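This report examines selected features of one protein model. Please view the sequence and the structure together while reading.

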Amino acid sequence: MARFKKNGKKELPEINNSSMSDIIFMFLFFFMVITTMRESDAQVQFTPPSATEYQKMEKKSTANIYMGIPKVQGAPTLDNSVSIQLNDKFARTQPKDLKDDIEVFVLAEKEKDPEKANAITYCLKIDSEVRMTSVNALKMALRQNNALKISYATNKDKKVKK
(Lines give C-alpha, C1' and ligand atoms only; values in the text may rest on other atoms or scores of the structure.)
Protein backbone atom coordinates (compact mmCIF):
# COMPACT_ATOMS: atom_id res chain seq x y z
CA MET A 1 0.00 0.00 0.00
CA ALA A 2 1.27 3.39 -0.90
CA ARG A 3 1.83 6.12 1.63
CA PHE A 4 1.24 9.72 0.94
CA LYS A 5 3.53 12.20 2.53
CA LYS A 6 2.73 15.85 3.08
CA ASN A 7 5.28 18.28 1.80
CA GLY A 8 4.99 20.99 4.46
CA LYS A 9 2.22 22.59 6.38
CA LYS A 10 -0.73 24.13 4.60
CA GLU A 11 -1.67 27.62 5.70
CA LEU A 12 -5.24 28.48 6.49
CA PRO A 13 -6.73 31.10 4.20
CA GLU A 14 -7.26 34.53 5.76
CA ILE A 15 -10.74 35.52 6.83
CA ASN A 16 -12.05 38.58 5.07
CA ASN A 17 -12.69 41.23 7.78
CA SER A 18 -13.67 44.10 5.52
CA SER A 19 -17.40 43.88 6.21
CA MET A 20 -17.02 43.43 9.98
CA SER A 21 -16.74 47.16 10.63
CA ASP A 22 -19.94 47.75 8.65
CA ILE A 23 -21.76 45.18 10.77
CA ILE A 24 -20.45 46.68 14.02
CA PHE A 25 -21.54 50.20 13.03
CA MET A 26 -24.93 48.86 11.96
CA PHE A 27 -25.42 47.26 15.40
CA LEU A 28 -24.22 50.43 17.12
CA PHE A 29 -26.64 52.59 15.13
CA PHE A 30 -29.50 50.15 15.79
CA PHE A 31 -28.98 50.21 19.56
CA MET A 32 -28.57 53.98 19.61
CA VAL A 33 -31.93 54.37 17.85
CA ILE A 34 -33.93 51.97 20.02
CA THR A 35 -32.42 52.92 23.38
CA THR A 36 -34.29 55.36 25.58
CA MET A 37 -32.27 57.14 28.20
CA ARG A 38 -33.82 57.23 31.64
CA GLU A 39 -32.91 60.28 33.67
CA SER A 40 -33.60 58.70 37.03
CA ASP A 41 -34.63 55.39 38.50
CA ALA A 42 -37.35 55.31 41.12
CA GLN A 43 -35.84 54.52 44.51
CA VAL A 44 -39.25 54.52 46.15
CA GLN A 45 -42.10 52.05 45.78
CA PHE A 46 -44.52 53.59 43.35
CA THR A 47 -47.95 52.17 42.52
CA PRO A 48 -50.04 54.96 41.00
CA PRO A 49 -53.76 55.13 41.74
CA SER A 50 -56.30 54.20 39.08
CA ALA A 51 -58.16 56.93 37.25
CA THR A 52 -61.46 56.91 35.43
CA GLU A 53 -60.65 60.09 33.52
CA TYR A 54 -57.25 61.13 32.28
CA GLN A 55 -55.59 63.35 29.73
CA LYS A 56 -52.36 62.45 28.02
CA MET A 57 -49.57 65.02 28.27
CA GLU A 58 -48.88 66.69 24.94
CA LYS A 59 -45.70 68.54 25.75
CA LYS A 60 -42.62 66.57 26.66
CA SER A 61 -41.14 69.18 29.00
CA THR A 62 -41.68 67.40 32.31
CA ALA A 63 -39.77 66.80 35.52
CA ASN A 64 -40.59 63.76 37.65
CA ILE A 65 -41.01 63.77 41.41
CA TYR A 66 -41.50 60.39 43.08
CA MET A 67 -43.17 59.92 46.47
CA GLY A 68 -43.57 56.63 48.29
CA ILE A 69 -42.03 54.12 50.65
CA PRO A 70 -38.23 54.08 50.15
CA LYS A 71 -36.57 50.97 48.72
CA VAL A 72 -33.23 51.80 50.39
CA GLN A 73 -32.42 51.98 54.07
CA GLY A 74 -31.58 55.31 55.65
CA ALA A 75 -33.55 57.50 53.26
CA PRO A 76 -35.13 60.59 54.86
CA THR A 77 -38.83 60.05 55.42
CA LEU A 78 -41.85 62.25 55.94
CA ASP A 79 -44.23 61.00 58.68
CA ASN A 80 -41.80 58.07 59.28
CA SER A 81 -42.92 56.24 56.15
CA VAL A 82 -42.81 58.31 52.94
CA SER A 83 -39.80 59.61 51.01
CA ILE A 84 -39.64 62.22 48.26
CA GLN A 85 -37.24 61.62 45.37
CA LEU A 86 -36.15 64.50 43.13
CA ASN A 87 -34.21 63.08 40.18
CA ASP A 88 -31.77 60.64 41.83
CA LYS A 89 -31.63 62.31 45.24
CA PHE A 90 -33.92 62.10 48.22
CA ALA A 91 -35.32 65.38 49.50
CA ARG A 92 -34.98 66.26 53.17
CA THR A 93 -38.29 66.16 54.97
CA GLN A 94 -38.26 69.10 57.35
CA PRO A 95 -40.49 71.90 55.93
CA LYS A 96 -37.64 74.44 55.49
CA ASP A 97 -35.24 71.81 54.13
CA LEU A 98 -37.89 70.47 51.75
CA LYS A 99 -38.48 73.98 50.40
CA ASP A 100 -34.72 74.44 49.86
CA ASP A 101 -34.34 71.06 48.13
CA ILE A 102 -37.31 71.80 45.87
CA GLU A 103 -35.81 75.20 45.05
CA VAL A 104 -32.52 73.58 43.96
CA PHE A 105 -34.45 70.98 41.94
CA VAL A 106 -36.65 73.58 40.19
CA LEU A 107 -33.65 75.77 39.31
CA ALA A 108 -31.73 72.75 37.95
CA GLU A 109 -34.70 71.76 35.77
CA LYS A 110 -35.04 75.31 34.44
CA GLU A 111 -31.31 75.50 33.63
CA LYS A 112 -31.51 72.34 31.50
CA ASP A 113 -33.58 74.16 28.86
CA PRO A 114 -33.87 77.92 29.53
CA GLU A 115 -36.20 78.43 26.54
CA LYS A 116 -38.82 76.12 28.07
CA ALA A 117 -38.21 77.13 31.68
CA ASN A 118 -41.74 78.43 32.18
CA ALA A 119 -43.35 75.48 30.37
CA ILE A 120 -42.03 72.73 32.66
CA THR A 121 -44.74 70.52 34.12
CA TYR A 122 -43.82 68.74 37.34
CA CYS A 123 -45.21 65.20 37.18
CA LEU A 124 -45.99 63.85 40.64
CA LYS A 125 -45.61 60.08 40.67
CA ILE A 126 -47.14 59.30 44.03
CA ASP A 127 -47.85 55.90 45.52
CA SER A 128 -51.55 55.23 46.02
CA GLU A 129 -51.02 54.58 49.75
CA VAL A 130 -49.44 57.98 50.51
CA ARG A 131 -51.51 60.22 52.78
CA MET A 132 -52.79 63.47 51.31
CA THR A 133 -51.13 65.52 54.10
CA SER A 134 -47.72 64.46 52.72
CA VAL A 135 -48.81 65.32 49.17
CA ASN A 136 -49.98 68.74 50.36
CA ALA A 137 -46.59 69.41 51.98
CA LEU A 138 -44.90 68.65 48.66
CA LYS A 139 -47.37 70.79 46.69
CA MET A 140 -46.86 73.68 49.12
CA ALA A 141 -43.08 73.49 48.68
CA LEU A 142 -43.54 73.51 44.89
CA ARG A 143 -45.90 76.48 45.13
CA GLN A 144 -43.40 78.43 47.27
CA ASN A 145 -40.79 77.92 44.52
CA ASN A 146 -43.14 79.10 41.76
CA ALA A 147 -43.50 75.61 40.24
CA LEU A 148 -47.20 75.90 39.55
CA LYS A 149 -47.76 73.45 36.68
CA ILE A 150 -48.21 69.97 38.13
CA SER A 151 -49.75 66.74 36.94
CA TYR A 152 -50.39 63.39 38.60
CA ALA A 153 -49.35 60.05 37.13
CA THR A 154 -52.13 57.44 37.18
CA ASN A 155 -52.94 53.98 35.90
CA LYS A 156 -55.67 53.64 33.31
CA ASP A 157 -58.87 52.19 34.62
CA LYS A 158 -60.76 49.73 32.41
CA LYS A 159 -63.68 52.13 32.09
CA VAL A 160 -61.86 55.17 30.78
CA LYS A 161 -63.60 58.27 29.49
CA LYS A 162 -61.53 60.42 27.20
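## A nonpolar surface patch

Ile23, Met26, Phe27, Phe29, Phe30, Phe31, Val33 and Ile34 make a nonpolar surface patch of about 870 Å². Such a patch joins nonpolar side chains (Val, Leu, Ile, Met, Phe, Trp, Tyr) within 5 Å, from residues with over 30% relative accessible area and no salt bridge; a salt bridge is a side-chain nitrogen of Lys or Arg within 4 Å of a carboxyl oxygen of Asp or Glu. Areas come from the Shrake-Rupley method with a 1.4 Å probe, and for residues only the protein chains shown count as cover.

## Basis of the model

The model is predicted: local features need pLDDT of at least 70 and side-chain atom pairs pLDDT 80 or more, while totals for chains, interfaces and linings use all residues. Residues are numbered from 1 along each chain as its sequence is written, and side-chain values use heavy atoms, without hydrogens and water.

## Phenylalanines of the patch

Phe29 lies in helix α1 (residues 20-34); helices are DSSP runs of H or I with at least four residues, strands are runs of E with at least two, and both are numbered from the N terminus. With a relative accessible area of 57%, Phe29 is exposed, whereas Phe30 is partly exposed at 44% and Phe31 is partly exposed at 46%. Here buried means under 20%, exposed over 50%, and partly exposed in between.

## A buried threonine

Thr121 belongs to strand β5 (residues 121-126). Its relative accessibility is 13%, so Thr121 counts as buried. Beyond its neighbours within four places in sequence, Thr121 has contacts (heavy atoms within 4.5 Å) with residues including Met57, Ser61, Lys149 and Ile150.

Terms used:
Buried means under 20% relative accessible area, exposed over 50%, partly exposed in between (1.4 Å probe, protein chains only). Patches are made of residues with over 30% relative accessible area and no salt bridge: like charges are joined within 9 Å, nonpolar side chains (Val, Leu, Ile, Met, Phe, Trp, Tyr) within 5 Å.
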